[in-house]
Amino acid sequence: MAADQPPARRRRDPERRIEEITAATERVIAARGIEGLTHRAVAAEAGVPLGATTYHFATKDDLIAAALQRSVDRFAAYLDDWVARRPALTPDQCAVLLTDAILPGTGAQRDQQVMEFELYLAALRRPALRPIADQHTQLSLRALSHYTDPDTAAAAAAALNGISLHALANSTPPTRTEVEAILRRILTPNPALPAPARSPDEHNS
């Protein structure tokens, strides 16, 4: 290289920059809530110029949508791994292990759970987010359908959402015993009810 030739400028990776901004958006929401989310806060958290956030995400809602999709993608990977490690469970085993999965932790783990719920609930007032929120629901149903029929899977998924929100938002979270009892009641076959529909996995087996 000639001595007077300037060094080549390093080319930026747009996908990496988008990922950095989206991850920073999650961290800002975890620290400040959605009401505290701004492009300026995200830029500072990501260590990028303010113009970089507005270039890739024109509005605050665009930032929220990207963070929600990132959360849903992470949830999908988690559920795939969870089911792969547990190919068969009895109703009792399922109740115990699901209780382990949904009871809130402490510190960073709890902060992440709160942030993910905030993102999910953002769809209440932002219809454009609802298709992404739908993915979250379908992922839960798909995972639970490995262990039970579709109707029971839907009931369990609804209960898991409600219990999780209760555990995070109420002053006194439900106890492990209470959560396990609720899930056992839902997951244990009830002979007084009509035979449930078979799950897609059962039809294909």
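A salt bridge is taken here as a side-chain nitrogen of Lys or Arg within 4 Å of a carboxyl oxygen of Asp or Glu. The structure is a predicted model, in which local features need pLDDT of at least 70, side-chain atom pairs count only at pLDDT 80 or more, and totals for chains, interfaces and linings use all residues. Residues are numbered from 1 along each chain as its sequence is written, and side-chain values use heavy atoms, with hydrogens and water left out.

The model contains 14 salt bridges. In one of them, Arg70 pairs with Glu26 at 2.5 Å, N to O. Arg70 belongs to helix H4 and Glu26 to helix H1 (residues 14-32), so this contact ties together parts that are 44 residues apart in sequence; helices are DSSP runs (H or I, at least four residues) numbered from the N terminus. Glu26 is buried, at 6% relative accessible area, while Arg70 is partly exposed at 24% (buried means under 20%, exposed over 50%, partly exposed in between, with a 1.4 Å probe and protein chains only).

Glu116 sits in helix H6, 42 residues from Arg74.

Arg142 is partly exposed at 45% relative accessibility, and Asp80 is partly exposed at 44%.

Methods
Helices (H or I, at least four residues) and strands (E, at least two) are DSSP runs, numbered from the N terminus.
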